[in-house]
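Trainee: I am new to this structure and would like a close look at a single part of it. Could you take me through the aromatic rings, and then through what lies around them?

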Amino acid sequence: MNPVFSALWMAAILSYATGCGGPQQDFERIFERTVQFAVLTNGATIQLSSLTTFPWDKVFIFHPYITAEAIDKELGFKWSNTAKGELEYSDAFELLVFVRDGRVVKSARVPRKIGDWMLDSRNGFRPGEAVF
């Protein structure tokens with residue numbers, strides 16, 4: 001891993017540990033900044049497994065205007081989260097959902113101002129496949 005990136009990632013983790021706000025809000029803020037930094041330094045190639053500090057089996061990326069029912073169908077289980085309803089009526093963000101052992105371990109709203117996650121028709125990427 002790039003030493004500059006490692007130092008910034010550590011700073012982000014420390015700010016998470018000492019910051020205010022709830023854990024989900026803190027995670028989203030840090031993740032957004034980390035993705036933004038990766039885009040700026042890597043020419044828009046991002047390996048998600050290098051940006052996360054928690055274990056996950058798959059990440060799903062949901063685009064604006066998708067219904068909550070379609071998200072649940074894609075995940076393969078019902079997930080209660082307010083971001084699902086917001087995404088159905090907004091084009092301001094995309095939703096990344098990290099799953100482990102059949103449950104959501106983290107999710108993040110990523111503002112589209114950073115960029116769009118371009119996908120082919122498939123979704124549900126394992127850590128080694130989640131390179132965009």
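**Aromatic pairs and their surroundings**

Mentor: In this model, which is predicted, a search of the whole structure turns up 3 aromatic pairs. In one of them, the ring centres of Trp-56 and Phe-98 are 5.2 Å apart and the planes meet at 70°, so this pair is edge-to-face, given that planes over 60 degrees apart count as such. The pair connects distant parts of the chain, since Trp-56 belongs to the loop between helix 2 (23-42) and strand 1 while Phe-98 belongs to strand 2, with 42 residues separating them. Both Trp-56 and Phe-98 are buried.

Another pair is made by Phe-60 and Phe-62, whose ring centres are 6.2 Å apart and whose planes are at 5°, so that this pair is stacked. Phe-60 counts as buried because its relative accessibility is 6%, and Phe-62 is buried too, with a relative accessible area of 2%. Returning to Trp-56 and Phe-98, these two form one aromatic cluster together with Phe-54.

In helix 3, which spans residues 68-75, the buried residues are Ala-68, Ile-71, Asp-72 and Leu-75. These residues cover an arc of only 95° around the axis, which means that they are on the same side of helix 3. This spacing follows a general rule: an α-helix has 3.6 residues a turn, so residues three or four places apart point the same way. On the face of helix 3 turned away from the buried side are the exposed residues Glu-69 and Lys-73. After helix 3 comes Gly-76, which has a positive phi, near 90°.

Key
Residues are numbered from 1 along each chain as its sequence is written. This is a predicted model: local features need pLDDT of at least 70, side-chain atom pairs count only at pLDDT 80 or more; totals for chains, interfaces and linings use all residues. Side-chain values use heavy atoms; hydrogens and water are left out. Buried means under 20% relative accessible area, exposed over 50%, partly exposed in between (1.4 Å probe, protein chains only). Helices (H or I, at least four residues) and strands (E, at least two) are DSSP runs, numbered from the N terminus. The arc is that of the directions from the helix axis to the C-beta atoms. Rings of Phe, Tyr and Trp (its six-membered ring) pair if their centres lie within 6.5 Å; planes under 30 degrees apart count as stacked, over 60 as edge-to-face and the rest as tilted.
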